[in-house]
Amino acid sequence: MIDGKTRTCGLIGNPVEHTMSPAIHNTLADRRGHNLVYVPFLVEEGRVGDAIKGAYALNILGMNVTVPYKSEVMESLVEVDQLAAQIGAVNTLVRMDGGYKGYNTDMLGLYRAMTEDGVQIEGEEMILLGAGGAARAVAYLCASKGAAKVYMLNRTFDKAKTVAEEVNRAAEREVIVPMLLSDYGKLPDKRFLAIQGTSVGLAPHDEEVVIEDEAFYQKIHTGYDLIYRPFETRFMRMVRQAGGEAYNGLKMLLYQGIIAYELWNQVEITKEDAQAAYASMKEAMGI
Ligand code: NAP
């Protein structure tokens with residue numbers, strides 16, 4: 001029940017109508033018996049600074065930030081966590097004295113989803129498809145979690161090269177190897193952990209896939225697609241058809257929310273609570 005002691009958390013972005021975050025956080029609050037409500041806040045272009053000041057003045061406990069404000073919001077924070085600062089994007093704000101501290105729980109969420117699935121990055125040779133915002137963040141994550149090598153394949157080689165130089169400089173080792181997407185045949189002859197970080201295959205383009213050649217999928221023992229709409233992407237199907245394990249990006253989304261909830265409430269969310277939040281998300285998606 002909402003009463004005089006209810007705490008508020010919320011999401012800022014534009015648009016926010018299709019978010020599944022309320023399903024995650026309100027389910028967790030219910031299960032944990034926290035007097036907390038999570039709501040979406042539509043913020044118009046140019047008003048992010050006002051929104052953050054307003055949120056602080058209104059005693060809002062924590063916020064998530066989505067497209068298109070993940071970078072812009074950083075100017076309005078009192079502190080930014082190191083990984084988020086490297087990535088240059090923040091999706092979670094935690095209230096502290098004088099304002100909010102920014103974190104990137106998208107990447108920590110992907111890492112936790114992978115750990116949950118029994119997949120490790122440390123010591124792995126990996127393939128990373130894409131060099132956009134999401135893939136760049138994944139490159140930082142892989143470097144910071146001890147991947148042995150990450151072949152970053154992108155349609156526009158220069159973008160992969162720029163990201164690789166930047167991440168390698170930060171990591172102080174040559175961990176990211178940029179490659180042209182069409183050069184996938186030059187990958188070493190072995191099986192890799194692969195992360196699909198391009199936007200190819202996103203609904204409604206369900207039948208598209210970034211590499212069509214079945215031979216490429218023979219090189220993948222485990223494939224993660226960051227996309228979760230559709231629930232099974234063509235990339236995932238091709239990995240499975242070649243005998244590999246495949247996962248979508250929905251658990252990444254779930255765990256970015258769970259880590260945010262843990263930061264706001266200083267609690268640890270159990271596997272059972274996570275499963276309940278996952279079920280609520282799927283229901284909200286109509287799966
Ligand atoms: P972005 O910055 O626009 O980057 C798009 C990437 O896709 C670039 O590498 C681009 O290559 C590549 N690409 C686009 N069309 C292509 C085509 N026809 N052929 C080959 N490559 C193509 O997008 P983003 O923000 O990184 O997002 C990427 C995906 O991650 C999206 O589908 C998004 O839904 C997903 N995502 C999921 C989560 C989650 O919580 N699960 C979180 C964040 C993002 P070029 O550089 O050559 O243009």
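Okay, let's start with Lys 101, which sits in strand β6, residues 99–103. Helices here are DSSP runs of H or I with at least four residues, strands are runs of E with at least two, and both are numbered from the N terminus. Before I go on: this is a predicted model, where local features need pLDDT of at least 70, side-chain atom pairs count only at pLDDT 80 or more, and totals for chains, interfaces and linings use all residues. Residues are numbered from 1 along each chain as its sequence is written, and side-chain values use heavy atoms, with hydrogens and water left out.

So, is Lys 101 buried or exposed? Buried, at a relative accessible area of 18%; the cut-offs are under 20% for buried, over 50% for exposed and partly exposed in between, with a 1.4 Å probe and protein chains only. Leaving aside neighbours within four places in sequence, Lys 101 has contacts including Val 80, Asp 81, Thr 92 and Met 96, contact being heavy atoms within 4.5 Å. The Lys 101 side chain also makes a polar contact with the side chain of Glu 79, at 3.4 Å. By polar contact I mean N or O atoms within 3.5 Å; within protein, one must be able to donate a hydrogen and the other to accept it, and residues adjacent in sequence count only if both atoms are side-chain atoms.

On to the ligand. Which of the 21 residues around the ligand come nearest? Those are Ala 134, Asn 154, Arg 155, Thr 156 and Lys 159, where a residue is near if one of its heavy atoms lies within 4 Å. An N or O atom in the Thr 156 side chain is 2.5 Å from a ligand oxygen, and a polar side-chain atom of Asn 154 lies 2.8 Å from a ligand oxygen. Taken alone the ligand exposes 930 Å², and the protein buries 71% of that; those areas are Shrake-Rupley, with a 1.4 Å probe. Helices α5 (133–144) and α9 (250–265) each supply at least two residues of the shell.

Last topic, the core. In the largest nonpolar core, which has 34 residues, Met 107, Leu 110, Met 152 and Ile 195 touch the most other members. A nonpolar core is a set of buried Ala, Val, Leu, Ile, Met, Phe, Trp, Tyr and Cys residues joined through side-chain atoms within 4.5 Å. Helix α5 turns up again, giving this core its largest share, eight residues. Beyond four places in sequence, Met 107 touches Ala 134, Ala 137 and Met 252, among others. Apart from that core lies another, of 27 residues, among them Leu 36 and Tyr 261.
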